[in-house]
Amino acid sequence: MKIGRVSGNVVSTINHPFFDGRALMICDILDVDGEPDGYTIAVDTVGAGVGETVLIIDEGNSARQIFGLTTGPIRAVITGIIDSIDTV
Amino acid sequence: MKIGRVSGNVVSTINHPFFDGRALMICDILDVDGEPDGYTIAVDTVGAGVGETVLIIDEGNSARQIFGLTTGPIRAVITGIIDSIDTV
Amino acid sequence: MKIGRVSGNVVSTINHPFFDGRALMICDILDVDGEPDGYTIAVDTVGAGVGETVLIIDEGNSARQIFGLTTGPIRAVITGIIDSIDTV
Amino acid sequence: MKIGRVSGNVVSTINHPFFDGRALMICDILDVDGEPDGYTIAVDTVGAGVGETVLIIDEGNSARQIFGLTTGPIRAVITGIIDSIDTV
Amino acid sequence: MKIGRVSGNVVSTINHPFFDGRALMICDILDVDGEPDGYTIAVDTVGAGVGETVLIIDEGNSARQIFGLTTGPIRAVITGIIDSIDTV
């Protein structure tokens with residue numbers, strides 16, 4: 001799993017029905033110094049807003065299980081909002 | 001998931017029967033600044049044309065489920081056309 | 001699988017229930033020279049502390065099976081503490 | 001999926017029985033300009049020869065399904081020979 | 001799949017029981033020129049020794065199937081010893 005920061009969202013009207021009513025968030029993937037290093041498009045599950053630091057899981061089965069689905073075209077999800085990061 | 005832009009297509013006559021009649025699109029993977037950063041070959045599911053910005057899912061189970069299949073040699077699909085990208 | 005070193009942990013109160021009571025450790029991924037090269041957030045399964053060298057598996061099914069689960073939003077786990085690394 | 005070019009093959013006598021009689025091809029992965037950018041070892045399914053441009057799928061379930069198997073230690077396969085690449 | 005070269009092994013006494021009695025080998029991943037480019041920790045299945053060139057599969061389901069298991073925290077295995085590499 002990775003630490004990300006929500007930077008925006010994507011609007012897609014022609015899309016698979018799974019995405020109807022689901023927020024597609026653009027998340028910068030953060031490196032260990034908190035700097036952006038790539039991004040992913042993740043479906044929000046916790047009400048994360050732009051600027052928040054989040055936990056991202058990028059794995060299809062995890063993503064489907066969070067939605068209680070066995071099928072669904074999804075791979076990355078925001079699974080948590082990160083309150084603090086404690087490193088030595 | 002990633003944001004991509006369709007840049008062309010691949011013609012393959014000697015191929016697995018799954019691909020008969022399916023469009024194999026070359027998609028540039030876009031970075032957060034909208035610049036190409038690698039590519040993937042994805043099967044189209046939404047009628048995306050060259051130059052369009054699309055949502056790409058690169059995961060085998062997602063890809064098969066979009067086609068209603070439990071088997072099938074496929075990993076990347078174009079699952080949506082992106083209308084707009086809103087970032088801070 | 002990769003060799004990692006635990007560098008800290010992440011606190012996330014708004015999160016999927018799976019993570020309740022589970023330690024989310026920040027692990028530097030080490031290269032062959034033992035230098036950090038990226039990181040992952042992994043769930044601890046062996047009581048690894050900050051500074052310890054660990055074995056990390058980054059695969060959803062492996063991760064779920066360690067917890068005896070068939071579902072669960074998890075991909076990376078610390079599966080062992082490394083005592084020594086012997087290379088030529 | 002990726003575009004590759006077959007550059008050679010690997011001979012392995014001590015190996016898992018799955019590979020008995022199967023050609024293990026070395027394939028350069030091509031970037032969007034057709035230049036090599038990494039490689040993979042893929043099992044041939046279409047009779048691809050050295051120098052041919054091919055479609056490569058690097059996903060375990062896809063690979064097993066092409067061989068009609070539910071088990072088998074395989075991840076990357078050559079699934080097609082590419083006749084032409086049309087880009088703007 | 002990738003070509004690797006065994007460079008050592010990892011000793012881990014506090015670990016998941018799956019790893020009891022199994023050799024955790026450090027394998028340099030080789031590029032097309034035979035130079036090291038990253039590494040992985042793989043479980044040996046063919047008696048590979050330090051310095052040998054090997055075929056590595058890095059996929060959880062493949063890895064479990066080689067051991068005849070449906071569960072098991074494993075992703076990378078050494079599945080063969082490479083005798084020769086023939087490239088143009």
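**Entry 1: a strand pair across two chains**

I began with the boundary of chain A and chain B. There, E2(A) pairs with strand E6 (residues 76-81) of chain B. I noted two bridges and an antiparallel sense. Next I looked up a partner in this pairing. Asn15(A) stands opposite Gly80(B), which sits in E6(B). I keep in mind that this is a predicted model.

**Entry 2: the rest of the A and B contact**

How many residues does the contact take from chain A and from chain B? I found 29 residues from chain A and 25 residues from chain B. The area buried between chain A and chain B is about 2100 Å². Carbon and sulfur atoms give 54% of that area.

I counted one salt bridge between chain A and chain B. Arg64(A) forms a salt bridge with Glu59(B), and their closest N and O atoms are 3.0 Å apart.

Which elements of chain A supply at least two residues each to the side that touches chain B? I listed strand E1 (2-11), strand E2 (14-15), strand E3 (24-30), strand E4 (36-44) and H1 of chain A. The largest share, five residues, comes from E1(A).

**Entry 3: how chain A lies on chain B**

I checked the superposition next. A rotation of 72° superposes chain A on chain B, with 0.0 Å of shift along the axis. The RMSD is 0.0 Å. Then I asked which surfaces the copies use. They use different surfaces, as 3% of the contact residues of chain A recur in chain B.

**Entry 4: chain E and chain D**

I moved on to another pair. Chain E can be laid on chain D by a turn of 72° and a shift of 0.0 Å along the axis, with an RMSD of 0.0 Å.

The buried area between chain E and chain D is about 2100 Å², and carbon and sulfur atoms give 54% of it.

I found one salt bridge between chain E and chain D. Its partners are Glu59(E) and Arg64(D), with the closest N and O atoms 3.0 Å apart. I also noted 18 residue pairs in polar contact between chain E and chain D, both residues at pLDDT 80 or more.

Strand E2 (residues 14-15) of chain D and E6(E) run antiparallel, joined by two bridges. Gly80(E) in E6(E) is the bridge partner of Asn15(D).

**Entry 5: salt bridges over all chains**

I took the total next. It comes to 10 salt bridges over all chains. One that I followed up joins Glu59(A) and Arg64(C), whose closest N and O atoms are 2.9 Å apart. Where do its two ends sit? Glu59(A) is in the loop between strand E5 (53-58) and helix H1 (60-66) of chain A. Arg64(C) is in helix H1 (residues 60-66) of chain C. The pair therefore crosses between chains.

Chain B and chain C do not touch, and their nearest C-alpha atoms are 13 Å apart. No contact joins chain A and chain D either. Their closest C-alpha atoms lie 13 Å apart.

Definitions and conventions. Residues are numbered from 1 along each chain as its sequence is written. Chains are lettered from A and ligands numbered from 1 in the order in which they are written. This is a predicted model: local features need pLDDT of at least 70, side-chain atom pairs count only at pLDDT 80 or more; totals for chains, interfaces and linings use all residues. Side-chain values use heavy atoms; hydrogens and water are left out. Copies are superposed by least squares on the C-alpha atoms of residues with pLDDT of at least 70 in both. Buried area is the accessible area (1.4 Å probe) that two parts lose on being put together, summed over both. A salt bridge is a side-chain nitrogen of Lys or Arg within 4 Å of a carboxyl oxygen of Asp or Glu. A polar contact is a pair of N or O atoms within 3.5 Å; within protein, one must be able to donate a hydrogen and the other to accept it, and residues adjacent in sequence count only if both atoms are side-chain atoms. Two strands pair if DSSP finds at least two bridges between them. Helices (H or I, at least four residues) and strands (E, at least two) are DSSP runs, numbered from the N terminus. Contact means heavy atoms within 4.5 Å.
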